[in-house]
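This report goes through one protein model.

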Amino acid sequence: MTGSLDGLLVVDLTRALAGPQAAMMFADLGARVIKVESPTGDDTRSWGPPFVPADDGTSVATYFLSCNRNKESIALDLKSEEGAESLARLIRRADVLLENYKPGALQRLGFGAARLMELNPHLVVLSISGFGHDGPEAGRAGYDQIAQGEAGLMSLTGADAAHPQRVGVPIADLLAGMNGAFGVLAALRERDRTGRGQIVRTSLLASVVGAHAFQGTRWTVAGEVGSAQGNHHPAIAPYGLFRCADGSVQIACGNDAMWGRLCAAFAIEADDALYATNAGRVAHRDSLTELLEGVFADYERGELLERLAAAGIPAGRVRTLDDVYAWEQTRSQRLLVDVEHQSLGKITLPGSALRTFAVDTTGAETETTRVDHRPPPVLDADGDAIRDWLDSTP
């Protein structure tokens, strides 16, 4: 199974996470992705600990392993004549070019927009920046945590407004990568109609602001500034983390009918005027939380989750990552893939979030998800083969 993007050639000039994440999404769907690295390699090759000892005496950063599967690697010095010429030859053959240099940097290397389209009028270019490619702060470097703070996300995350907190994964980078990949696919569809390439631009700032969802309209329409409220939803109640006899559980009552079922399951007075509507429950969240935790104190977590499930109340536990990756449901969704790394041997990586299926006229499904994954490459692992391919193709 090669994937739905088999035959697409992506040249990946990106480093760190946002761009590599986008490139890996293409690779997971079958595109050929050639990762162009500097002679010293992607920054994330040195981002650790943890580092994993390799058979050849070197060590490999697990950060790099997280976002570079299914790619080839070639090391090029783009400031040299030879390196620039090799890149130009790749661009002529490419469908997509990904870059996340600071705005203007690629132009200074001799590969501005006009030059790219001269080399390949059908090229789709994805440019990811920190804060946008124009505007008064376009030149700022983009790092995830800085973007989380500047784009307001940290003000919405944490125990309370006095303790802003970053999200535990580099979510600004990941969102920018996903948005970029989506934009490229739209541009490729446009190219199918017109034959013309395009430049697609997104940024860490845009990706976080674009994910504000109801917190954004809460301000732009209602004039309310959201703030961190710990593990409880600001607009729905009860929806959050609640203590029980031996830990805690999460529940989500998304409507009044669910609230009624919750009350029936635990003999709570459902018609209490304070809690009869969602608006009332939100307004009296503190007393509602106290009420529910008093009831849940009689139940251990497993029993409580079973009782909630029987009542049709969405609920769950808070898992640690080792528990998540041991969970059979995780494995059933192909969220773990085994690969043979050149210097580490057999390793297991988190898998793609996407699965694809062919469906016949009877409704029978055949999974077409790619299963033949390549390991993240060592630096310049494919350099000679790529150069030979360039020499042998017109």
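How many of the 11 residues of helix H1 (residues 18–28) are buried? The count is 10, and the helix is mostly covered.

## Basis and overall make-up

This is a predicted model, so local features need pLDDT of at least 70, side-chain atom pairs count only at pLDDT 80 or more, and totals for chains, interfaces and linings use all residues. Residues are numbered from 1 along each chain as its sequence is written, and side-chain values use heavy atoms, with hydrogens and water left out.

The protein chain has 16 helices and 15 strands. These are DSSP runs numbered from the N terminus: helices are H or I with at least four residues, strands E with at least two. The C-alpha trace spans about 75 × 50 × 50 Å along its principal axes. Of the 394 residues in the chain, 44% are buried. Buried means under 20% relative accessible area, exposed over 50%, and partly exposed in between, with a 1.4 Å probe and protein chains only.

The buried residues of H1 are Ala18, Gly19, Pro20, Gln21, Ala22, Ala23, Met24, Phe26, Ala27 and Asp28. Gly30 follows H1 and has a positive phi, near 105 degrees.

The largest nonpolar core has 28 residues. Such a core is a set of buried Ala, Val, Leu, Ile, Met, Phe, Trp, Tyr and Cys residues joined through side-chain atoms within 4.5 Å. Leu8, Val10, Phe26, Val96 and Leu98 have the most contacts inside it. H1, strand S6 (96–99), strand S7 (124–129), H7 and helix H8 (204–209) each supply at least two residues of this core. H7 gives the most, with 6 residues. In soluble globular proteins, nonpolar side chains tend to be buried together.

The largest pocket holds about 1100 Å³ of space. On a 1 Å grid over the protein atoms alone, a pocket is an open set of points with protein on both sides within 12 Å along at least five of seven lines; a cavity is a set where a 1.4 Å probe fits but cannot get out; lining residues have an atom within 4 Å of a point. Grid points are joined across faces, edges and corners, and a volume is the space filled by probe spheres set on the points. The lining of the largest pocket has 33 residues, with Gln21, Ser66, Tyr325, Pro350 and Gly351 nearest the centre. H1, helix H2 (62–65), helix H7 (171–194), helix H14 (321–326) and strand S13 (345–350) each supply at least two lining residues. By class, this lining has 23 nonpolar, 8 polar and 2 charged residues. Ala, Val, Leu, Ile, Met, Phe, Trp, Tyr, Cys and Pro count as nonpolar, Asp, Glu, Lys and Arg as charged, and the others, Gly among them, as polar.

The second largest pocket holds about 570 Å³. Its lining has 27 residues, and Leu156, Gly230, His232, His233 and Pro234 lie nearest the centre. Strand S10 (247–252) is among the elements that each supply at least two residues. The largest share, 3 residues, comes from S10. This lining has 14 nonpolar, 13 polar and no charged residues.

The whole structure has 1 cavity of 30 Å³ or more. About 90 Å³ of space lies in the largest cavity. Its lining includes Gly3, Asp28, Ser352, Arg370 and His373. The lining divides into 2 nonpolar, 7 polar and 2 charged residues.

## Aromatic contacts

Rings of Phe, Tyr and Trp (its six-membered ring) pair if their centres lie within 6.5 Å; planes under 30 degrees apart count as stacked, over 60 as edge-to-face and the rest as tilted. By this rule there are 5 aromatic pairs. Phe242 and Phe296 have ring centres 6.3 Å apart and planes at 85 degrees, so the pair is edge-to-face. Phe242 lies in strand S9 (residues 239–244) and Phe296 in helix H12 (residues 285–296), so the pair ties together parts 54 residues apart in sequence. Phe242 and Phe296 are buried. Trp259 and Tyr275 also form an edge-to-face pair, 6.4 Å centre to centre with 70 degrees between the planes. Trp259 counts as buried at 2% relative accessibility, and Tyr275 at 6%. Ring pairs link Phe242, Phe266, Phe296 and Tyr299 into a cluster.

Trp389 has charged neighbours. The charged end of Arg32 sits over the Trp389 ring, 4.4 Å from its centre. Arg93 lies over the face of Trp389, 5.9 Å from the ring centre. A charge sits over a ring if NZ of Lys or CZ of Arg is within 6 Å of the ring centre and within 35 degrees of the ring normal.
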